[in-house]
Amino acid sequence: MSARYVLGVNIGFHDSSAALVRDGALCALVEQERVSRRKHAVGQPPAEAIAACLAMAGIGAREVDTVAIGWDFRDIPLGRNRRFTTEGLRAMLFPDDEDLPMPAVRWVPHHVAHAASAVYSCDCEEAAVLVLDGAGETQSTSFGRYADGEIEILREWPVEQSLGFYYNAAAEWAGLGYWGTGKLMGLAAYGRPGPGAPVRPVAGGYELVRGTPTAEVPSRRAATLGPLMAYYPAVAESLKPEFGKLFPYAPRTGEEPIAYADFAATIQQGLEETVLSLAADLRRRVDTPVLALAGGVAMNCTMIGVLVRSGLFDRVYVPPVPTDAGVSLGAALVAARECGEFTPTRIDHAYWGQPITTEAGEAAAARAGMVHRRLGDDELARSVAGELARGRIVGWARGRAEIGQRALGARSLLADPRSRRNLERLNVLKGREMWRPVAPSVLAEHVSDLIEGPVGEPSRFMLAAASLRPDARLRVPAVTHVDGSARPQTVHRDTNPGYWALIEQFRQLTGVPAVVNTSFNLAGDPIVNSAVDAVDTFVRAKEIDLLVLGDTVVARSEADLPS
C-alpha cells in the first residue's frame, strides 16, 4: 500500500501554517510568517508554507490525499464565504496550480485540532486534555479525555469567557499592544499581585467579570468575519471597567510601563489560579497522570511552570507550537488517523522547519561581501564557545528551523550568561524594552546545577518558567529575572547534538552549563528562517559579532573571524 500524505493547514486570521504528515508521521511544519517575512502572517493564507512542506518531502500537490483544516467554519456565517468553496480553497492554498483537482477536504473543529496536536505527539495512551485560547468556532476553553486513540471533549466555555481575550485585553490596557501578552507576563514579575482580577474560579469552572452585558457582543457584520473579529473587541471593551478598578486605574498611554507592574501581576495571578482550578477539576474527572495542553494561552510559561510544580499531574506536556499555528499539525493527525495506517511522531524536539545548509550559508555570505570560514563540528563548537566566553554575541543558524515562537538553538542569538550587560546588549540590538528577560539554554544533564525544583517536559521547548537556585543567580545574572526565575530550555544531546556540543564546550571553559539564548530576529521581524534572512539580519544588526550558518562562521572582516 502506498504512503498516504495528509496536508494540515491553519487558514485562520493569523499564524497560518502548514504541516505535512505521511501515514501520521510528521514530515515538515512551516509557519507562513517565516517564509513571507510578515509577523503573525495576519490575513495571509499558508500557500508559501505549503509549498515549502511539499518541497522538503519531495512530493507535489497531486500526491496529497487529504487537506485537513484546523477550523470548521461550516456551521458559522463565515463558512458561506466563497473562499471556503472547493475552488476557493484551491486558489487560496495552491495558487500556482490552476489545474489541480482539489484533494479531499476534512474540516476539523478548532479545539479538536489543538487537542490532537498535543495528545497525538506526546507518546501516551491516555491523557487529560486542556485547550486554552482566544477563540475557536464558538468556544474559548475546553477540556476532555484522550483514550484509545479518541479525543472526547467533556466541557466547553464560550468565547465570551475567553482567557486568551482576557490576557490580550490586559496587555492592551497596559499599553503593550494586542501581541504584547509575552511582555505582560514579563512585566508581572516586577509587581505584587492584589485582589480584583476580573477572572475567578467558581464551582465547576471559572468566569470573567465583565462590565457590559453579553448580549451586546457581536454585530451581524462582525459575526461573518469569524470569532476573533466578532468577539474580541466586545469582550475587551467589557473588561475595561474591571481593569479600571486596579491601579493605576486608567489605560496606559505614554508613561513608563513599570507603573503597570502590579496590574500585570494581578492579571497573571488571576490566570494562574483559574487554570489551576480547571486542571484540578479535570484531574477529578479524568483519572490519568498525564495532562496535555494546547492553545495560545499555553504559551504563558509562568502559568505552565506553576502547573508543573503543582503536582496535580505527574506529567505535563505542551507541544512546541501550541498556538494557532499548531492546528495545522493537529488537523493533519486527525485526518491521518481516519485514513488508515497511523504512526504519529513523538515530538520531543522542535526542528521540523526548513533547513539551512552550509552551502546556502556560504553563498549568502559571499553575496553580502562577508568573509567566512568552514569548520568541522568539534572545531566549530570550541571556537564559538571561546568567542562567547570572550563576550561576543553570536547569531546561530544551523539545520532545520524550530517550529513555534521560541528559538531553541537552530535560529538563536547567543551570549555569555555570566555578564548582566549581555541582557542590555541583546535588548538594545533587538529593539526590546530593557526590563524584558532573556532565557538560558541549559544542558539537560546539568539542569539541577542552575534550577531548583522540577521543570518537566515543557522545558524542552522553553515553555515553563522555573526558579533559579540562589547561588546560580549570581553565576548567570544575564538570564535571572527580577523574581529569581528563568525560562530554561533543556538541551538534549540526541535531539540537537551540535547545539549541545557548543554548550558543553562553554561549560568546560567557564564551569557554566548554559548560554543565553534569545530568538534570532529584530523588532517587528519573524525569527530568521533562511540563510539569506540570517545574513540580512547580521548586516543590519552591527551589535552581532559573529554569524554561524551551518558549518560556516561568517564575519565582517578577517580580523573578526575566530583565530
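Colleague: Which helix does Val235 lie in?

Modeller: Val235 is in helix H8, residues 227-243. Bear in mind that this is a predicted model.

Colleague: Is Val235 buried or exposed?

Modeller: Buried, because its relative accessibility is 0% and the cut-off for buried is under 20%.

Colleague: And what is Val235 in contact with, leaving aside neighbours within four places in sequence?

Modeller: With those neighbours set aside, Val235 contacts Val159, Glu160, Phe165, Leu208 and Arg210. Take Arg210: 25 residues separate it from Val235 in sequence, and their C-alpha atoms are 7.9 Å apart.

Colleague: What's between S9 and S10?

Modeller: Two residues, in a hairpin. Gly204 is in the turn, with a positive phi of about 80 degrees.

Colleague: Switching to helix packing. At what angle do H4 and H11 pack?

Modeller: About 90 degrees, with the axes 7 Å apart. H4 covers residues 110-119 and H11 residues 327-339. That angle falls within 65 to 115 degrees, so the two helices are roughly perpendicular.

Colleague: Which residues make the contact?

Modeller: From H4, His110, Val112, Ala113, His114, Ala116 and Ser117; from H11, Val327, Leu329, Gly330, Ala331, Leu333 and Val334. Eight of the residues in this contact are nonpolar, four are polar and none is charged.

Colleague: Now the largest nonpolar core. Which residues touch the most other members?

Modeller: Leu132, Tyr166, Leu184, Phe263, Ile267, Leu293 and Ile304, out of 102 residues in that core. Helix H9 (residues 261-285) supplies the largest share, nine residues. There's another core apart from it, with 60 residues, including Leu380 and Ile503.

Colleague: What does Phe263 contact?

Modeller: Beyond its neighbours within four places in sequence, Phe263 contacts Ala170, Trp173, Ala174, Phe243, Leu246 and Phe247.

Colleague: Last one: how many residues of H10 are buried?

Modeller: Seven of the 10 in helix H10 (residues 301-310), so mostly covered by the under-20% cut-off.

Terms used
Residues numbered from 1 in each chain as written. Predicted model: local features only at pLDDT ≥ 70, side-chain atom pairs only at ≥ 80, totals over all residues. Heavy atoms only, no water. Pairing = 2+ DSSP bridges. Helix = DSSP H or I, 4+ residues; strand = E, 2+ residues; numbered from the N terminus. Buried < 20%, exposed > 50% of the residue type's maximum accessible area, 1.4 Å probe, protein only. Contact = heavy atoms within 4.5 Å. Axes fitted to C-alpha atoms, helices over the stretch in contact; angles between N-to-C directions. Parallel < 35°, antiparallel > 145°, perpendicular 65-115°, else oblique. Nonpolar A, V, L, I, M, F, W, Y, C, P; charged D, E, K, R; others polar. Core = buried A, V, L, I, M, F, W, Y, C linked by side-chain atoms within 4.5 Å.
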